[in-house]
Amino acid sequence: MTSLRNIIFCAFAVLFSCAYSLDAQVKTGQSVIVSDKIAAPDNFSSLAALLNGRTDSQKLALADSLRDEYSFRRACRVCENILKTSSDSLIKVYAAELNEYCLNGIDYSESVGLPSVIARQRFSKQDFFLYYPLPDRSWKPFGDEWIYLPDDEQSLYFSSVPDSTGRHIVFSEISDSLTCSMPQPVFGDAEADEIFPMLSADRKSMTFSARRSDGVGGYDLYESVWNSLDSCWTFPANLGFPYSSPANDYLLVNTDDGRYTVFASDRDCPKDSVYVYVLEYEFVPAQEKVTDATRLKVIMELNPDSRQEDSELSSAIPENAQTQEYMRKMEEVRVLRARLDSAVTHLEQMRETYAMSDEVEQRQELTNLILELEARLPSMQDSLSKVVSEVQKIEMDFLMRGVVIDYDSLTAPSDQDRQTYTFKRHNPGPPIKSTSNKNPDSNQFIPEKVGVQ
């Protein structure tokens, strides 16, 4: 009989899976395990005094507390002290890893994103994904797991069952309704623990969560771009602050309509919950260098503007159906134009970097990215032109009927009329059951039974 471990793995090979039992994962979400954390000191002199007479374990706890408070430079000083003075080899391994996380944090502080936060809401880890703006009944239970199963998937990216280092993203193709290819690793990093892969609408980028050596602790958020020239995914790039954090960050989704970026994190949350953040989508968000830990912590909290905290839908939109349609189209024009402008700006920046670079590998990578983005621009322009044409038709109809639309007046923000967001709990799909065997004469898996109860 096929073992449960193999059953789960084979089922994941058939289904597009990007949900997991978070409680089990968070227990090993950080390899540096520290208890009885010590309050972080306010300055370097008090830090030196606090280290005096402390045990190595207490110093490590202090460094971890400093990291949680985004005081990365102070945390590095504590780790360096441990590495110089400790005789405990295991403590030194932990200190070296924690020091690397903090050095990464310093690097990411050089360019901190400043997204517009629309909403934030706390949910249970057991079902937070049901509140994402994804199709109803697309999340389906499979034993103790949850699986995201969109329709008509042919190229599958999912995480394998855990090994000694965690899960790894693998790729498989379904050749027909009953057969799929043997899963192949996507990135091949044996030390990484990778979960929650999610493809973009155009399938040219993939976001996922991972514990990697270039993170800041816990699960960070990463993105990889499809390289059509080499037919492979680019090396994953950490999305940096404020998306990644010293806590665990999960499941980043850019909505298909180009309006929102949604992700979850257990930063500032009780053990059994996560915050789901809704940000205004920006192709290249504004950034700034942040060296003050207090300032960085405030940014990382991602608090919505006070006028948006209730996360309710605005009711100030005019009742007239045609006017509502006009405003929806105008908002679509705004979003598409912003995305196009952002893409053009990003393209110019990459071209400038290419012109100034002397590194062969960097120039090759930039060439691939530039070509990919240049190929996307015509379709982005076409989408914008189509919606603009629809807006012009509505305006012409208004003009023919003698109706004058003051768009500036209609869309002027007020205390009651701002961009807001309502969280909606979607229904889970029916449970999935699956057993499978490997075909010994091929490189394929053939499910014995795949269906819903």
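Predicted model: local features only at pLDDT ≥ 70, side-chain atom pairs only at ≥ 80, totals over all residues.
A salt bridge is taken here as a side-chain nitrogen of Lys or Arg lying within 4 Å of a carboxyl oxygen of Asp or Glu.

E110 is partly exposed, at 38% relative accessibility, whereas K289 is exposed, at 51%.

A further salt bridge is formed by D193 and R211, at 2.8 Å from N to O. Here strand 9 (residues 193–199), which contains D193, is linked to strand 10 (residues 205–211), which contains R211; the two residues are 18 positions apart. D193 is buried at 3% relative accessibility, and R211 is likewise buried, with a relative accessible area of 16%.

Within helix 4 (residues 56–68), D64 and R67 are three residues apart, or about one helical turn. Their side chains meet in a salt bridge of 2.7 Å, N to O. An α-helix has 3.6 residues a turn, so residues three or four places apart point the same way. D64 is buried, with a relative accessible area of 2%, and R67 is buried at 1%. A network of salt bridges links D64, R67 and D68.

Helix 5 (residues 72–85) comprises 14 residues and spans 20 Å from its first C-alpha to its last, close to the expected 20 Å. Its buried residues are F72, R74, A75, C76, V78, C79 and I82.

Definitions and conventions. Residues numbered from 1 in each chain as written. Heavy atoms only, no water. Helix = DSSP H or I, 4+ residues; strand = E, 2+ residues; numbered from the N terminus. Expected span 1.5 Å × (residues − 1). Buried < 20%, exposed > 50% of the residue type's maximum accessible area, 1.4 Å probe, protein only.
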